[in-house]
Amino acid sequence: MSYSQPSRYREMEVLAMQPAQRVVLLYSHLLVLLRQARRHLERGEIEQRGERLFRAEEIVRELQVSLNHDAGGELAGGLANLYSWMLGEFAGVHAHPDLGRLDAVTKIVTELHEAWQGAAEQVLGHPV
């Protein structure tokens, strides 16, 4: 696989991030994808909507497998349940496009993004 210079640079930048920064970055990308999927759903652009939702699913699965249940305890369990719910909602939107379902997921992701961003800023001592 060949990487262009910007992608290679971006990959190195992400690898150098603190774990808290990576989580915030994943949530940021997830929000962008969900908002794009919403726009495609409104326009009836099935292929583009599906592609954004598949990419959103990949991020949620990454977040799901990254959970440390030993260290995270009840919080990790709660997040695991939320991630499973999100994946179910994505499957539902694929089968029966529904703005309400997509908006419900986006609302939860927005709240989680803000919470992780605040936590990361406290841990790192600077804005993320």
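1. A residue is called buried when its relative accessible area is under 20%, exposed when over 50%, and partly exposed in between, using a 1.4 Å probe and protein chains only. By that rule Tyr-27 is buried, with a relative accessible area of 0%.

2. Basis of the note. This is a predicted model, in which local features need pLDDT of at least 70 and side-chain atom pairs count only at pLDDT 80 or more, while totals for chains, interfaces and linings use all residues. Residues are numbered from 1 along each chain as its sequence is written, and side-chain values use heavy atoms, with hydrogens and water left out.

3. Overall fold. The protein chain has five helices and zero strands, where helices (H or I, at least four residues) and strands (E, at least two) are DSSP runs numbered from the N terminus. Along the sequence this reads as α-α-α-α-α. A box of roughly 40 × 40 × 25 Å along the principal axes holds the C-alpha atoms of the protein chain.

4. Surface and burial. Of the 128 residues in the protein chain, 30% count as buried. The accessible surface comes to about 7900 Å², and carbon and sulfur atoms account for 55% of that surface. These areas come from the Shrake-Rupley method with a 1.4 Å probe; for residues, only the protein chains shown count as cover.

5. Contacts along the chain. A contact means heavy atoms within 4.5 Å. When contacts between residues at least 6 apart in sequence are taken, 58% of them join residues at least 24 apart.

6. Nonpolar core. The term covers a set of buried Ala, Val, Leu, Ile, Met, Phe, Trp, Tyr and Cys residues joined through side-chain atoms within 4.5 Å. The largest such core has 25 residues, and those with the most contacts inside it are Tyr-27, Leu-30, Leu-34, Tyr-83, Phe-90 and Val-109. Helices α2 (19–43), α3 (46–65), α4 (69–95) and α5 (99–124) each supply at least two residues of this core. The most comes from α4, which gives eight residues. In soluble globular proteins, nonpolar side chains tend to be buried together.

7. Tyr-27 lies in helix α2. Beyond its neighbours within four places in sequence, Tyr-27 is in contact with Leu-63, Leu-79, Tyr-83, Val-109, Leu-112, His-113 and Trp-116. From Tyr-27 to Glu-114 is 87 residues in sequence, but 9.1 Å in space, C-alpha to C-alpha. Val-109, with residues up to four places away in sequence not counted, touches Tyr-27, Leu-30, Leu-31, Leu-34 and Met-86.

8. Salt bridges. A salt bridge is a side-chain nitrogen of Lys or Arg within 4 Å of a carboxyl oxygen of Asp or Glu. The count by this rule is eight. One of them pairs Asp-103 with Arg-38, with the closest N and O atoms 2.6 Å apart. This pair links distant parts of the chain, since Asp-103 is in helix α5 and Arg-38 in helix α2, 65 residues apart. Asp-103 is partly exposed at 29% relative accessible area, and Arg-38 is partly exposed at 27%.

9. Further pairs. Glu-51 and Arg-52 meet through their side chains in a salt bridge (2.6 Å, N to O). Glu-51 is partly exposed at 32% relative accessibility, whereas Arg-52 is buried at 17%. Elsewhere, salt bridges that share partners join Arg-38, Glu-42 and Asp-103 into one network.
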